[in-house]
Amino acid sequence: MKFFFSLFLLNVLFQVSVSTSYGQYYLKRYQVDDGLINNSVTSILQDRKGLIWIGTRGGLCRFDGYNFKILENKNNKFGTIGNNVITSIAEDKNGALWIGTGKGVFRYDPQKEVFTELQLIPQANISQIVVDNDNNLWIIANSFLYYYDQKTGQPGSLKISATCIAKDFSHNIWIGNDDGAISAYNYRKKSITSFPIVSRNVPAAQRAISKLYPLNENEILIGCVKQGLKSYNVRSGAIQSLHLGAEGNNAFYVRDIIADNNEKYWIATESGVYIYDPVRRTNINLKKRNGDPYSISDNAVYALCKDYHGNIWLGTYFGGINYYSRQNARFEKYYPFWGNNSISGEAVGEICADDSGNLWIGTEDAGLNKLNLRTGEFTNFASKEKGGDLSYYNIHGLLAYKHQLLVGVFLHGMEIMDTRKEIITERFNLVGEKNEKGGDFVVSIFLTKDSSILVGTAYREAGLFIYNPKRKSFNRITQIPHGTSVFHIAEDYENNIWVTSESSGAYFFNPKTKAGGNIRFGEVVNGRIVNEYPIHYILEDSEHAIWFSTIGGGLIKLSKDRKTIKKITKKNGLPSNILFGMQEDNSKHLWIGTNNGLVRLDLSTEDINVYTRSNGLITDQFNYNSAYKDKNGKMYFGTVKGLIAFNPSMFNGKEESPPTYITGFQINNKELSPDEKGPLIHSILYTDTIRLKYNENNFSIQFAALNYSSPRVTRYKYRMKGLDGNWTYLNTNRNAYFTDLSPGHYEFVVQAESNTGSWVGKERHLYIQILPPFWKSNWAYLFYFLAAVLCMYFSLYFYHAHLKRKNLQRQQLFEREMEKEIYQSKIEFFTHITHEIQTPLTLIAGPIEWLSQKFEGQSSIKKSLLIAEKNTKRLMELVSQLLDFRKTEEYQFSLNFVKTDINGLLMEQVQTFRPQAAAANIELKASLIQRPVEAFVDREALNKIVSNLISNSVKYAATRAWVQIKFHDPEKDILSIVFCNDGEGIPDEFKNRIFEPFFRLGANNKPGTGSL
């Protein structure tokens, strides 16, 4: 850096060398249409995680290479940060961001995503914020310097006027003011030293200092508002002016300064950006060029930032952000730019070089171009219709030979240019032998190893011809069939000439032996060759294998022995089966232009990498027969939008992988924000574990690798351990969606990699726990366990109680069976006794009946005999009843319904019991109906019922008993027989037992056994 001290001695040598082109400085633009909050960018910062923070005059946003996230202040009802004019951004050692605005300073906690206003600093316009090595803040507010001690929380004011500040390598804060002086304040020693920079002879209004940039411990760059860029040597005190503008003009406003990785300095001014090379003592001025998509979008550049990969971010006042990628700049771009020195057309075709260091480039839309590789200057050769010398603007075949350039002109044959005079000297409207009509479409021109010139034509009278420069004639090569469209010509290591065809594969012949042949690459189906695609380019590699590029059939490899054919298509990793020109580099890689990007094929492993527009190409579509490698190994490929050039060796190394982060987490399509009560306590960027409720099992995860050079082609793969161990691969999407996940523990893993294989990122992990619903929680299962235990206990308890009841029931049943057996035994006993009684009674009844007849005339004896006869009959009836009862018990008794006079039956029974009633002083009456009452009844059964009821009625009467008939519904002949007496009656508690066998009240003194 000592060059600054001696700069004034070599001032003449430091005159500005402004390049006529941008060289390799191609800028990508991000504006409001891309999601930027405001096109007026005033500050840019890359934080420790690698995210880009952009301050604008419309707010603050964060960029991850894909999306701009707009930050809002939740403590403000309008969401603004101060007045939303962001003037400065700084990151402290704790990872917090300090935001300077037009109305105060705010601290942003990236973990909580919360803004907090720094109340101790004036709520005024903040020009700049710097964080020193002790994590203290230095703030310019309203043109005065303040500091804030984060440890003590105490602010302070040095009462020093300041326009800009910077920290150096020795604990100094450098301060610039509007009077042209700078000061070094040692914040540890509390000392300050001032140095005048701008001469006092300069008017006061033009002495202001706008930017300070310490280079090392001894030197510092100083940007001024109207005095340009200066350097100051701390040891010697030497001050030098660095002349950046044309003719030493220094009157430009320096707003920011940074150093890139190549020790060049980027100076942001109101006149674009100057890139100063102190070694070569030259600079390049990047300015806005209308119509140029790769130029800076606005000349007023307010902020610069170098990211961790050495790429440069530019913030402009009206044009948003401009981004320079060193990786993408490996592809040089040549494209038409009217009014400037550039290539004339977009559709670049044939490319060749002459012996004078010039590159000749044919285009299909704007004639011929010569590129001087030493100066970078283009010379355009137009067609006659545009004032040039060429017959037509559509150029195909090209060959530089000695001091001549052979040019194939579409449908105009071949023309020859004298490259020294740059004029057309020969024109061949038709190419062919004298006895032929000839063809006018020359598509390929080739110089063999023996210096023969071969010319290939297409379509009408097509074929391969040898050109004789002396005779200026063309001779057809008969080994190539007449009518073969020769799009490309090549020569192998055995001096065989190979040519392409439209539909017949490849032809070859040896000029010395005249032997030749044809190799077909199609498939044989039913004796016919099908799927034979047009071949448009042939290349023999360093191992002597021959490669053919086809239009639709991919890439074909023919082995060195010319016996083995191998096809490589999209199935093998090609981006397209439509291929154009190709070249082999010095590290055994084949570079192929395709319809969808540039392919790099490793010849040993056949691994394929694809470069696209996102990697720095001018377009993804290349053009026919447009590939060239110079003697230094640099390659040139033509596309439909211009020419690209690159050094293949720049693509051999591995790149540092960018970090990958989880950038978004959505539940049911709603983005999560940090919330103490929610599942996300910290920002998802700082979260490695998240716990979700059972009904939050539908979510999506967004992720991003901070690859700002080519984010759109970064590839991702992810998997969810616990759900599926397989990787899911993504090429265009950065979201993983999951639905209806079961409660449990999961681990989300994502990994990014370059589409060109230049880097593979580290895995990022997110642990996810989905809690079960309360009915499936551990407490619930404990409750279920206790409930199950209780259920088992009560089940056993009730089971044992059931067994106990069942055993009791069995015991009771047994007892009842025993009682029944006893009862049956009693019945059997009574039945047997009854049978035994019946016989004597029968024997007694006969003599009584005989005696009654014998003593017919003796009334007293007759009366007694009648009583004895009557009671004997009564006993016989009772015995019969007992036997009938036994029949009933044995299910052998059946009723016999007969028509019966009810009045007569009742009267007969009443007459039977009147003597008994009279003996007991009981009046027995019958209240019957005068008309006959007849019914179908079992007469014997009814007699027993009536007899039993009259007997009880008389037995328990006090003075009288009676029987009566009542009709309830005379029309339906429904009647009741009522037996009454004036006795005490049966108490209510015993009424339900009156039909129990042999039941009787024990309180009365009447003899009896109860009713059966």
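Q: In which strand is the place of lysine 28?
A: This is a predicted model in which local features need pLDDT of at least 70, side-chain atom pairs count only at pLDDT 80 or more, and totals for chains, interfaces and linings use all residues. Residues are numbered from 1 along each chain as its sequence is written, and side-chain values use heavy atoms, with hydrogens and water left out. Strands are DSSP runs of E with at least two residues, numbered from the N terminus. The run that covers residues 27–30 holds lysine 28, and it is strand S1.

Q: Is lysine 28 buried, partly exposed or exposed?
A: Buried means under 20% relative accessible area, exposed means over 50%, and partly exposed lies in between (1.4 Å probe, protein chains only). Lysine 28 has a relative accessible area of 35%, so it is partly exposed.

Q: Where is the place of tyrosine 694?
A: At 35% relative accessibility, tyrosine 694 counts as partly exposed. Its place is in the loop between strand S61 (689–692) and strand S62 (699–705).

Q: Is asparagine 625 buried or exposed?
A: Asparagine 625 is in strand S56 (residues 622–629), and its phi is near 50 degrees, a positive value in a residue other than glycine. Most residues other than glycine have a negative phi. The relative accessibility of asparagine 625 is 8%, so this residue counts as buried.

Q: What is the relative accessible area of aspartate 740?
A: Aspartate 740 has a positive phi of about 50 degrees although it is not a glycine. Its place is in the loop between strand S65 (735–738) and strand S66 (744–753). Aspartate 740 is exposed, and its relative accessible area is 58%.

Terms used:
Helices (H or I, at least four residues) and strands (E, at least two) are DSSP runs, numbered from the N terminus.
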